Amino acid sequence: MRRVKSYSDRRPRSHEAEPTIVGRPKAPTFDETFVHKGRDGWLFLIGGSNSVSSLYDRSSVLAGDDTIRKWADLIEQRARRFEARGIQYVHINVPEKLTIYDDKLWDPPIVDWRLSPAVRLREMLQRSSYGHVWLDLIEPFKDAPNKDGQYFKTDSHWSGERCYFAYRLLCERIGLTPEPDLLTRAHQSIDGMLDMGSKFDPPIYEPAKFYDFRMKTKRVYSNAIARYLETPEFGAQIHVGTHVRYLNATPGAQKKKILIFGDLFSLQRGDALTATLAETACDVEFVWSSNLDWPFIKRVKPDIVIYELVERFMTLVATDKLSIRRTVARHWWKAQRLHFQARRRAARQAKLA
């Protein structure tokens, strides 16, 4: 098995893939500007392109109160527009591990979780007549009795169990009866090197379980970007604009058309939020984007629109100017370039063999 390169391409490498080193074990080293090592082996993403730890500040350049207020205004605008069309709207911000696991940080903590972007957005929306469209995951996540097993210790993403927990909260909000047996579905258990664990030298491994929730539903459509994303030679470099559709024709499927705009926590695969909803409702579509495509929404005619965005991506306020058609056309050229580069690398390796 190979090392995990991204959440879109999880192929964890097991311990057996590592050579045996004779002698005194090497003390793990890591980039302290990228990863914070908390209590009991918990790792937290603090750096990267989103400068995560800097977002817990009201005057932050990337996610200060002015930015969060723009998000609140945008949510109100969306909610009014959806209400006029008779469409239920739910806005979800997936909390960072820093927001949920403050008890795993050393004293003094490197951030104040109460100043996280999602917490501040919640405070602003409490004064709004459209505040009900925002689904709070923070308090339910922090109060969960088994919260330690809900995010990976050495990765920045939630586990299948946490995804299922969020799914149940979402079903309650939109009036669907959740599937009770999703955590009994097919899964792969590995002892692998995940995102932040791979940043250490030597790497840190963690037991992990990856589900495929899909059993009743069938994927009936995937656009070119979705196919590129699932083609190893492109290295998961193309993802925005991914569009898939699932149909569930089983008698128990609830008669709702759901459209999801989201990111890596929703995904098009079987181990994310989209798949859980596809097992529940008769018609579910997913678009990977932080922006809405209003003409597309008009064509699709959903009963429910769900918008999911992880906290660290709140640094850029959405413009809702997405055009899926133009995005697919633009990425087609990028895919051709990546395909050419992959073929050229393969030819060079063949010559060296």
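## Exercises: charges and contacts

R39 counts as partly exposed, at 25% relative accessibility. Buried means under 20% relative accessible area, exposed over 50%, and partly exposed in between (1.4 Å probe, protein chains only). The model is predicted: local features need pLDDT of at least 70, side-chain atom pairs count only at pLDDT 80 or more, and totals for chains, interfaces and linings use all residues. Residues are numbered from 1 along each chain as its sequence is written, and side-chain values use heavy atoms, without hydrogens and water.

**Exercise 1.** Find the salt-bridge partner of R39 and say which parts of the chain the pair ties together.

*Solution.* 
- Step 1. Apply the rule: a side-chain nitrogen of Lys or Arg lies within 4 Å of a carboxyl oxygen of Asp or Glu.
- Step 2. Find the partner. D107 bridges to R39, with the closest N and O atoms 3.5 Å apart.
- Step 3. R39 is in the loop between β1 (35-37) and β2 (43-45), and D107 is in the loop between α2 (97-100) and α3 (117-125), so the bridge ties together parts 68 residues apart in sequence. Helices (H or I, at least four residues) and strands (E, at least two) are DSSP runs, numbered from the N terminus.
- Step 4. Check the cover. D107 is exposed, at 64% relative accessibility.

**Exercise 2.** How many salt bridges does the whole structure hold, and which residues are linked in a network?

*Solution.* 
- Step 1. Search the whole structure. The count is 24 salt bridges.
- Step 2. Trace the network. It links E179, D181, R185, K216 and E279.

**Exercise 3.** Identify the residues that gather with R81 in a surface patch of positive charge.

*Solution.* 
- Step 1. Patch residues have over 30% relative accessible area and no salt bridge; like charges are joined within 9 Å, and nonpolar side chains (Val, Leu, Ile, Met, Phe, Trp, Tyr) within 5 Å.
- Step 2. Check R81. It lies in helix α1 (residues 65-85) and is partly exposed, at 38%.
- Step 3. Collect the patch. R85, K298 and K301 gather there with R81.

**Exercise 4.** Find a polar contact for H157, R269 and T242.

*Solution.* 
- Step 1. Apply the rule. A polar contact is a pair of N or O atoms within 3.5 Å; within protein, one must be able to donate a hydrogen and the other to accept it, and residues adjacent in sequence count only if both atoms are side-chain atoms.
- Step 2. Take H157. It is in the loop between α4 and α5 (160-174) and buried, at 4%. Its side chain joins that of D155 at 2.4 Å.
- Step 3. Take R269. It is buried, with 17%, and its side chain joins that of D271 at 2.7 Å.
- Step 4. Take T242. It is buried, with 0%. A polar atom of its side chain lies 2.7 Å from the backbone oxygen of H239.

Conventions. Areas by Shrake-Rupley, 256 points an atom, 1.4 Å probe, with all protein chains shown as cover. Lys, Arg positive; Asp, Glu negative; His and termini not counted. Charge placed at Lys NZ, Arg CZ, Asp CG, Glu CD.
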